[in-house]
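This report concerns the structure displayed below. Please consult the sequence and the model together while reading.

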Amino acid sequence: MTHLSLTNVSKHFGDFTAVRDFNLDVKKGEFVSFLGPSGCGKTTTLRMIAGFETPSTGSIAIESVDITNKAPNQRNVGMVFQAYALFPNMTVAQNIGFGLRVRKEKESDIKDRVAEMLAIINLEKKADSYPYQLSGGQMQRVALARALAIRPEVLLLDEPLSALDAKIRVALRAEIRAIQQKLGITAIYVTHDQEEALSLSDRIVVMREGEMDQVGTPFEIYNFPTTVFVANFVGTLNTANAEVVDPAKGLINMDGVQFASATDLKDRKKGDKVRVAIRPERFNFVSQEKKANIVDCTIENITFLGSIVRIQVKIGNTKFYMDTFNNPFLELPRIGAKDQVTCSREAVLVLND
Amino acid sequence: MTQTTLTASKMPAPRSSFKNWIGVVPFFLFAILFIFLPSARLFIGSFTDNDGRFTFANLIELFTQPYILNSYLLSIRISAVTALGGGIFGFLLAYSVTVGGLPKPLRSALITFSGVASNFAGVPLAFAFVATLGRTGFVTAILKNVFGVDMYQAGFNLYSFLGLSLTYMYFQFPLMVLIMAPALDGLKREWREAAENLGANSMQYWLRIAMPVLLPSILGSMILLFGNAFGAYATAYALTGGRLPIITIQIGAQVRGDVLHNPGLGNAMAIGMVFIMAISLAGYSWLQAKTERWLK
C-alpha cells in the first residue's frame, strides 16, 4: 500500500522551474533515493516533503492524508541534514530527546527512548558529550537518532554522508540501511553519489532538470538505463552514434561495425540514427568468452584501477572502455595489439534521448 | 647501529629573533604610556593626599561620603538602563535586518549608520540633542506647534535622568547592532529547520536554541554597553553641565579644581570605577562560562 505519495508536484521560483510534474508512490518501509546532479531538483522535492517549501502545484500525502499545506512541525517527518544541524548548546542525549521534549512527552518515556536510540547508533558513552566533541560520523549518527526518536512517518535524508570521508561514508551508509530496515521506516534519500544510491536503495529516482528521468530498482537503473542521461550518470558507459540496419533482428551499425542489440527496435526503421550504450564490463576478449557480437579491435590504452583494469579499445573509429577483473596471473594485452572483443545482445542498449 | 630519538627537549626551539618583536613595540609602548603608567599613577594617587603623603582617607571617603556613593549609584543606574534599553532596541533592529529578512539595502544603511552613530558622542551629540529635543529644539517645537504636544509640560526634560539616558541611547543601540548582526548571522538556517522538523514552534526554537546560542554575545554586548556609558563624561557634562552628578563628572570636578580640588580623591573614585567594571567583567566571565560550556 502507498505510504507516501507525490502527485503532479511542481515547484517554481519565479521564472525558474525547480521541479516539474513529479509523481511518485512510495510503499511503507521502502528506501527510495533521489539521484541526480546539482540543481536537478532532488533537494527541493525533499524539502517539499519536509514542508520547508510549498509546492506550486500538486499534492503530497502520507497514508492518504494530504500534508501539502501542513507546517513542517505538524508533519511528523524526520529529517537528517547534510551539515548535521545538531544543536550546539545541547548534549547528544538532549539533541536526541529534543523532539520528544517539545512534544511534551513524559520525561521517563523520553529517557527510555533516548537510551534506545543511543543503543541503536552505538553511542551510549557519548550521551553527555556536546556536538563539538564528536567526529563527523558520530555527529551524523546522532542526527539520525534525533530524527528517528520522534517515530516519524517518513525519514528524509539530505545528502547525509557528503561531508564525511570515504571510509566513514561506506561504513555509515551500511549502518543507515541496517537501521532503516530494522525499524521498517519509509526513507527518502537524496544523493548525487550513484554508488550510494545503488548500494542503499530499493528504488532509485534519477532526476534531471527538475524532472524524473527514470524510476527503477538499482538493478534496472544500472543495467537497463532508458535514457542517455541515466546511462551516462549512473556508472561508466560507452556511448556511440549508430544506425539501424535491421529493426526486426535488432541489428545496428556503428562506424561500419555491426552489432546485434536485444533492445526492441520495432518502432525504428532502417536508417534511423540512434544512440547506443555498452557498459565497459560487458565486453570480454573473444579468447575468454564468445557472445553474439564479435568485433575486431585495437588496444589503445590500459588503466589499472585496483580490483579492475580498464582497457580502452578502438572498434571501427570509436573508442570504447572495457573493464576486466584484475587477475595478476593473466597477462595484460599490449597497447597497439589487434584483438577481438565480444558482448551479448543484451549489453548493447539503444537509448531514448 | 645506534638509533637516535629526537625528544622534545632536544628539538630545536622556535627561534624568537629580536626582529620579530619589532612589530609589537608600538603596541607595547602605547600600552605602557597610556594604560599602565596612568593606571599606576591613578593607583598611587588614590593613596596620596594633597601634600603628597600616604593616606587611606581618599578610599575611606568613597564609602563614607553620601554624595560619592550617590554618584556611583547614578552612574550605575544610567549605565544599566541604557545598556538594557540600547541592548534590546539594538537587538531588535539587528534581528530585523538579519533573520527578519528585511531588504538588504536597509541592512547596509543600518550598519553604516551604526558605525558612525556608535562613535558619535561628547559635545556634538549633546548639542544635537539640545537642538532637537531641548526646550527650543525643533522636534520639541514641531510636536508643540504642529501636533499640540508639549513634551516639557508633560514632564519630559532633556537635562534629566531620562533625557541623558535618551542621549546615551543614541550611541548605545548602534553599538549593539554592530555586535549582534554578525552573531545573528551565525544562527544556522538548519538549526531552525531541524527544530521545526522535530515539532518545535518558533517560540520553542528561540527559547531552547537561538537564545542560548546567542546569550554569550548578548551578555558580552551588554557589558560593553554598560562600560561605554559608565565611562562617558563629555556628553553628560555638555548636556547637563553637572546637574546630574554622575561619577565621571565628580572625578572631573576634583581633578579640574574649579571649586573642589582633591586629585587624590579623584584618583580613588577612578579606582572605584575600575573596581566596578572589574566586578561586571567577572560577572560576565562567570555567566559566559555557564552559557558557553558547549563551545570549544
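## Basis of the report

This is a predicted model, in which local features need pLDDT of at least 70 and side-chain atom pairs count only at pLDDT 80 or more, while totals for chains, interfaces and linings use all residues. Residues are numbered from 1 along each chain as its sequence is written, and chains are lettered from A and ligands numbered from 1 in the order in which they are written.

Strands are DSSP runs of E with at least two residues, helices are runs of H or I with at least four, and both are numbered from the N terminus. Two strands pair if DSSP finds at least two bridges between them. In chain A, β16 (residues 293-304) and β17 (residues 308-315) are antiparallel and share 6 bridges. Their hairpin has 3 residues between the strands, and A:G306 adopts a positive phi near 90°.

On its way onward, β17(A) is joined to β18 (residues 318-325) of chain A by 8 bridges, again antiparallel. Here 2 residues lie between the strands, and A:G316 in the turn has a positive phi of about 65°. A:Q312 of β17(A) is the bridge partner of A:N301 and also stands opposite A:Y321 in β18(A).

A:E243 stands opposite A:K273 in β14(A).

## Contact between chains A and B

The contact (C-beta atoms, placed from the backbone, within 7 Å) takes 21 residues from chain A and 18 residues from chain B. On the side of chain A, β6 (77-80) and α2 (92-102) each supply at least two residues.

## Residue B:L74

B:L74 belongs to helix α4 (residues 66-97) of chain B. Leaving aside neighbours within four places in sequence, B:L74 is in contact with B:L244, B:P245 and B:I246. B:V25 is 49 residues from B:L74 in sequence and 40 Å away in space, C-alpha to C-alpha.

Terms used: Contact = placed C-beta atoms within 7 Å.
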